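Please look over the sequence and the model below before reading on.

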Amino acid sequence: MAKAKGRSIDIATIKMLEKAEKEKVYTAFDRAEVIQPCPVGMVGSCCKHCSMGPCRVSLPAGGMETPEERRFRIGVCGATAETIAARNFARMIAAGAAAHSDHGRRVAEAFLAVAKSEAAGYEIKDEQKLLQLALELGIDIGERTNQEIAVDVGEILMKEFGRQEGELLFLKRAPLKRQELWRKLGVAPRGIDREVVEIMHRTHMGTDQDYQDLIKQGSRTALSDGWGGSMIATDLQDVLFGTPAPVLGQINLGVLKEDEVNLIVHGHEPQLAEMLAVVSQDPEMIEYAKSKGAKGINLAGMCCTANEVLMRHGVPIAGNFLQQELAIVTGALEAIVVDVQCIMQGLADVAQCYHTKVITTDPRAKIEGATHMDFDDLNAVETAKAIVKAAIDNFPNRGKNIHIPTEKADLIAGFSHETINYLLGGLYRASYRPLNDNIINGRIRGVAGVVGCNNPRVKHDDVHVAMVKELIKHDVLVIQTGCSAMACAKAGLMVPEAAQYAGEGLASVCETVGIPPVLHMGACVDNSRILIAATAMVKDGGLGDDISDLPVAGAAPEWMSEKAISIGQYFVASGVFTVFGVNWPTLGSKEVTDFLFKDFEEAYGGKWAFEPDPIRAAHLMIEHIDKKRKALGIDKARERVLYDMEMRRELAGA
Ligand code: SF4
Ligand code: MSK
């Protein structure tokens, strides 16, 4: 019990860890204890880019070295600790950007297939967003059908991946000053694939050996993710499946049901999950489930796929990244259906101890020991039915040792940029004006984006929740995506009642507008929504003329994925101060770390920081927000926030 309690703050997780221990089932929590991180690799000081190495250029014990010692702390080829740390960091960005962007490419392919009527079962759900996108891209609307327009939109955006010159189209969405800065610094991305390939080339043995130059290409590549691949994914998903609007949902392992076929969809791309949401409610499939002794079919989500289907269909979330194996440990999961990213190979091992089927569905992501059932966008209904049927057929195979924890929490999800615009400004004057006004008058101190994964190197969910509570206590409105959003939702922070944890100013705004102090904005690719929201704040006026002027900050306190590094880098290069926890992958080089943590601010207006303690990290963010408030000349307003009845009436009428 004590061991499990030390690993998570989430009761459902603790209960399943205890069950796993009793049943001698080993999960990521156990493996993280057995496998200690390599101290050289952890700080970015190991290079294995050629077979003269691998070369480990770690600092001597104590971290200090003489210039003489430093001369010998180099690889066989002469690569310095700086070059090695920067190369490793750049490759993390390349992998993260590639993952997000390949997601965007698959969505664009599905989008084009729907537009050309080749993918039965899908349809364009958000006509208004399609037309806005078409206008933005200079596409003729006239009397043309939505499908004709969508073909043009899909083809133009698909070309962004293979574009060789010029600039990505969505860069124009950024504040003008930011666009000019990117051009001046030479980091405006040309094409999405091109930037990733160029990092792989530059980091090949004997190519780019200047750490600043390597990081510069890292910025260019990360920007091609945030303002390219991820943004394309988000926009096309919205047009195809609907732009999220607030929806009440439930989260945690308690959403699994003892008397129904439980099916979890896990991964990132929403095409499969969308179709499973439809097919699992098909009366024919429900009848089939009943014929096997179940009362129905219970679809739930995990990781970012969960965010996608919750926002658009209200499908409950079973848990975040570190709960994936624990869902199997309940003994009540018939199938975990996965697509791409953040899927632990350990699922297949854990599933061996229970009846759960692990079903891979994407040709790019197979797992030894899992069942592979190709999901085909062009034959989506039939392939989704076959997957659901496989889960139903597995229901009679359940063992006796079933325990579904009772814990589950309510949350409100679906705060897209469009929704925030509407909620704050109303249907006819949709804008960010009330948000900006409340920042200027000090009721809201600033805005923080807290995102990212879980990592068993730290106590599960603890760092997210502690950081977010500290931020809202100090009147910082928090917006969230990914597994971080799920951690805070489980802790009850995504319902309006959570205003009780907020400072007086933030609480009063939340109560007036009817929003929680912590807003769920979607999945990992939806961090692009945060870029758009930040740009909207700049454009609404009163808070400077660039993202770097805003009193905002970002964090990924339990990060583990290379995608998180790409996200962090595009936020920093867009002008946002960003703090990461757990560990920092360039600590092996003081120069590279100082470059990212200090020099970057001068060039980009944003910079990185590393602080594993959530309270200290929250205060770094608050300090940054206060620094920006001071520069904007709105720091005095904060000191005057004392609420009498008149002020409350004025706020209610705002
Ligand atoms: Fe060692 Fe240089 Fe080869 Fe890296 S590229 S493994 S530092 S010799
Ligand atoms: S799923 S990238 S563990 S947030 Fe997007 Fe969660 Fe991190 Fe994967």
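This is a predicted model: local features need pLDDT of at least 70, side-chain atom pairs count only at pLDDT 80 or more; totals for chains, interfaces and linings use all residues.

Glutamate 611 has a relative accessible area of 15%, and because the cut-off for a buried residue is under 20%, glutamate 611 counts as buried. Its salt-bridge partner is arginine 616, with 3.5 Å between N and O. Arginine 616 is exposed, at 52% relative accessibility.

Side chains of opposite charge can pair when their charged atoms come close. A further case is lysine 627 with glutamate 601, whose side chains form a salt bridge at 2.9 Å from N to O. This pair connects distant parts of the chain, since the two residues are 26 apart: lysine 627 belongs to helix α26 (residues 614-632) and glutamate 601 to helix α25. Are the two partners buried or exposed? Lysine 627 is partly exposed, with a relative accessible area of 40%, whereas glutamate 601 is buried, at 19%.

Helix α25 (residues 590-604) also holds a pair within itself: lysine 598 and aspartate 594 are 4 residues apart in it, about one turn of the helix. Their side chains meet in a salt bridge, with 3.7 Å from N to O. Lysine 598 is exposed, its relative accessible area being 52%. Aspartate 594 is partly exposed, at 22%.

How many salt bridges does a search of the whole structure find? The search gives 51. One of them lies between arginine 312 and aspartate 238, where the closest N and O atoms are 2.8 Å apart.

The next topic is the division into domains. The protein is split into domain 1 (2-71), domain 2 (81-241), domain 3 (253-397) and domain 4 (432-632). Between the C-alpha centres of domain 2 and domain 3 the distance is 30 Å. Their contact involves 17 residues of domain 2 and 16 residues of domain 3.

How much area do domain 2 and domain 3 bury between them? The value is about 1,400 Å², with 51% of it on carbon and sulfur atoms. On the domain 2 side, Arg106, Tyr122 and Phe241 provide 41% of the area buried against domain 3, more than any other three residues.

Polar and charged pairs also occur across this contact. Domain 2 and domain 3 have 3 salt bridges between them. The interface of these two domains also has 6 residue pairs in polar contact, both residues being at pLDDT 80 or more. Which elements give two or more residues to the side of domain 2 that touches domain 3? They are α6 (81-115) and α11 (211-241). Of the elements on that side, α6 gives the most, with 8 residues. Sorted by class, the side of domain 2 that touches domain 3 consists of 8 nonpolar, 4 polar and 5 charged residues.

Note on methods: Residues are numbered from 1 along each chain as its sequence is written. Chains are lettered from A and ligands numbered from 1 in the order in which they are written. Side-chain values use heavy atoms; hydrogens and water are left out. Domain bounds come from an automatic or database domain assignment. Contact means heavy atoms within 4.5 Å. Buried area is the accessible area (1.4 Å probe) that two parts lose on being put together, summed over both. A salt bridge is a side-chain nitrogen of Lys or Arg within 4 Å of a carboxyl oxygen of Asp or Glu. A polar contact is a pair of N or O atoms within 3.5 Å; within protein, one must be able to donate a hydrogen and the other to accept it, and residues adjacent in sequence count only if both atoms are side-chain atoms. Ala, Val, Leu, Ile, Met, Phe, Trp, Tyr, Cys and Pro count as nonpolar, Asp, Glu, Lys and Arg as charged, and the others, Gly among them, as polar. Buried means under 20% relative accessible area, exposed over 50%, partly exposed in between (1.4 Å probe, protein chains only).
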